[in-house]
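Reader: I have a model to go through. Can you walk me along its geometry?
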Amino acid sequence: MNILFIGDIVGNPGREAIKVLLKPLIKEYGIDLTIANGENAAGGKGLTKEIAEELYDDGIEFITMGNHVWDQRSIMKFIDQEARLIRPANYPVGAPGKGHGYIRTKGKKVGVLNLSGRVFLNSLEDPFSGAIRWINEIRQETPLIIVDFHAEATSEKVALGWFLDGKVSAVLGTHTHIQTADARLLHQGTAYITDVGMTGPRDSVLGVKKETIINRFLTQLPAKFELAAGPIQLNAVVIDVDEATGKARSITAIQRVKE
């Protein structure tokens, strides 16, 4: 089974990259399931129902979120009814939505778990001990488990990867918008990458106009963040997973650009 996981989709440029670059990628790699982090899809912050539907129409089959999940308050009106959309599982009890979900492909059920890190981000429930509890629940349904770990610190991401090695099919880092060069199979069959990267404006600082961010560093003054224009990119990974065991056979990092 070939699973495509797409890094943080940022605003309209990211959605345009999905429209233009996704379908050829699905054909090239024989993709069976497409998952994406959509927490920045609405103007760089959050997700609306209309934009979620747009992403589904363009070939995204399942959406994960992160620390910007509540930036568009309207998500609270539909996240409970949307089985294809999850937010980090370690938000407190009572938060809208679910932290894991399931989707079928090739007659198999795939579990997707979303977690948020705690280093340099909001202090939520421990993603390490929580992960074991949620993974045990998912494994009652399927051995095919993809984990989106939305976290800032590389140390926290690498540690969770090793902690979950052999327990899930893949641990895929999101949030920092820069694709890392460490895509690999861990010792017990879990595919891992510290950060999948960003799908959005290439000539930018994490999606934002580079001049704005440079000036902010120079002056230390606040500035309105606006998304950059120009060439668009799609960052993703393809994971080949054994359908019977849930072990990963390979992970391939992908970068595509449209000038």
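Author: What follows covers the ground rules, the ring contacts, the sheet with its helices, and some backbone angles.

Author: This is a predicted model, in which local features need pLDDT of at least 70 and side-chain atom pairs count only at pLDDT 80 or more, while totals for chains, interfaces and linings use all residues. Residues are numbered from 1 along each chain as its sequence is written, and side-chain values use heavy atoms, with hydrogens and water left out.

Reader: Fine. How many aromatic pairs does the structure hold?

Author: The structure holds 2. Rings of Phe, Tyr and Trp (its six-membered ring) pair if their centres lie within 6.5 Å; planes under 30 degrees apart are stacked, over 60 edge-to-face, and the rest tilted. W70 and Y91 make an edge-to-face pair, 5.7 Å centre to centre with 70° between the planes.

Reader: Where do W70 and Y91 sit in the chain?

Author: Both W70 and Y91 are in the loop between β4 (62–64) and β5 (100–105), 21 residues apart. Helices (H or I, at least four residues) and strands (E, at least two) are DSSP runs, numbered from the N terminus.

Reader: Is W70 buried or exposed?

Author: W70 is buried, at 18% relative accessible area, and Y91 is buried too, at 11%. Buried means under 20% relative accessible area, exposed over 50%, partly exposed in between (1.4 Å probe, protein chains only).

Reader: And what about F128 and F163?

Author: The ring centres of F128 and F163 are 5.6 Å apart and the planes are at 55°, so that pair is tilted. F128 belongs to helix α3 (residues 127–139) and F163 to helix α4 (residues 154–164), so the pair ties together parts 35 residues apart in sequence. F128 is partly exposed at 21%, and F163 is partly exposed at 33%.

Reader: Which ring does R84 lie over?

Author: R84 lies over the face of Y56, 3.7 Å from the ring centre. R133 lies over the face of W134, at 4.8 Å. The criterion is NZ of Lys or CZ of Arg within 6 Å of the ring centre and within 35 degrees of the ring normal.

Reader: Changing topic. What is the strand order in the 6-stranded open sheet?

Author: The order is β5-β6-β7-β8-β10-β9, with mixed pairing. Two strands pair if DSSP finds at least two bridges between them. β5 and β9 (184–185) are at the edges with a single partner strand each, so one side of each has no neighbour in the sheet.

Reader: How do β6 and β7 run?

Author: β6 (residues 108–116) and β7 (residues 145–150) run parallel, joined by 6 bridges. S116 is opposite H150 in β7. On the sheet, α3 touches β5, β6 and β7, its direction making about 165° with that of β6. Contact means heavy atoms within 4.5 Å; axes are lines fitted to C-alpha atoms, for helices over the stretch in contact, with angles from 0 to 180 degrees between N-to-C directions.

Reader: Which residues of α4 are buried?

Author: E156, K157, L160, G161 and L164. They cover an arc of only 135° around the axis, which puts them on the same side of α4; the arc is that of the directions from the helix axis to the C-beta atoms. These buried residues pack against β6, α3, β7, β8 and β10.

Reader: Where is H175, with its positive phi?

Author: H175 is in the loop between β8 and β9, with phi near 110°. H177 is in that loop as well, with phi near 70°.
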